[in-house]
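Hi,

Here is the structure I promised to pass on. Have a look at it first, and then read my notes below.

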Amino acid sequence: MNGKRLLVSASPHIHAPETTRGIMLDVILALLPALAAAIWLFGSRAAVLTAVCVGTAVLAEWLSRKAMKRPNTIGDLSAVVTGLLLALNLPATLPLWMAAVGSVIAIVVVKQMFGGIGQNFVNPALTARIILMVSFPTAMARWVAPFEHAWSADAVTQATPMASLAAGGNAVSDSLPSLSQMLFGLHGGSMGEVCSLALLLGGAYLLIRRVISPIIPVAYLGTVALWMFAAGHGDLTFVAYELLGGGLLLGAIFMATDYTTSPITAKGKWIFGIGCGIITSVIRLYGSLPEGVSFSIILMNILVPHIERLTQPRAFGAEKKVKEAAKK
């Protein structure tokens, strides 16, 4: 054909400029404000605990990939993100060896045993957190007060705002920190969940960079807000505490939006976010636990294959062919 050749290659034929490493780097940058706030509030132990989680996660990924004779993937930074998210979901006082165990569970059991990045069906960091909560309930519920010496066994501890709300029958009382304290993280809680302002800044960065879609966070937070508005008989202060308290912002922005464990369709994202919001609200209001973010996201992760099957777009002409076949 006039010396011209037809080149045939396998799909995909259109390549996006985004890479896994680039996306993970953006997530790390978005989490830096929350990490900085944790170190400011809880001191050097927050930095050490984070280093243990991240270091163990990277080492566990390298060793597990080597043992499974698979290509090394620590360069994509996904293990760093998992370790960082796990650390931010832990109390600053947690023994370092427990944090290391959590990282091994997240990487080896939840991620690598299912094939590695993109093949795990639940969020690794949240699953590891739940396992640590069940295995070491006392250590996982020791919330040191801000600016206390977290290295000391005698450090002053305090209840989280969600625990105080639950103890008070879900009524706003003077025992709660002010809303400004909630915004800046001047209360007890997991290292990365306390400073709402830092999480909102990180979320804004991810939205500007288009790393995440706003659908899941909006659906998740909006559902919780509407449910709590009804449960609180229109008390906007109660709604504000529910939105700023616990791990809601951390979960809605950074973990419910995980590419691997959330739907890819727009309708699916709405269903996923609304489902997370309903489960979180039910657990907080009617369950025995003051917090429900981790469980809600994990439960909805399990339902993602069904959500995607129900919301996947139909191929053009497929429905017509089915009808024609039925007529014959």
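Contact here means heavy atoms within 4.5 Å. By that rule, and leaving aside residues up to four places away in sequence, Val218 touches Thr223 and Trp270. The C-alpha atoms of Val218 and Trp270 are 8.7 Å apart, though 52 residues separate them along the chain.

Before going on: this is a predicted model, where local features need pLDDT of at least 70, side-chain atom pairs count only at pLDDT 80 or more, and totals for chains, interfaces and linings use all residues. Residues are numbered from 1 along each chain as its sequence is written, and side-chain values use heavy atoms, with hydrogens and water left out.

Back to Val218: you'll find that residue in helix H9 (residues 215–231); helices are DSSP runs of H or I with at least four residues, numbered from the N terminus.

Now the cysteines. Cys53 is buried, at a relative accessible area of 0%, and Cys276 is buried with a value of 0%. How many disulfides are there? The count is 0, taking a disulfide as a pair of cysteine sulfur atoms within 2.5 Å.

The contact between H5 and H13 involves 6 nonpolar, 2 polar and 1 charged residues (Ala, Val, Leu, Ile, Met, Phe, Trp, Tyr, Cys and Pro are nonpolar; Asp, Glu, Lys and Arg charged; the others, Gly among them, polar).

Cheers

Definitions and conventions: Buried means under 20% relative accessible area, exposed over 50%, partly exposed in between (1.4 Å probe, protein chains only). Helices (H or I, at least four residues) and strands (E, at least two) are DSSP runs, numbered from the N terminus.
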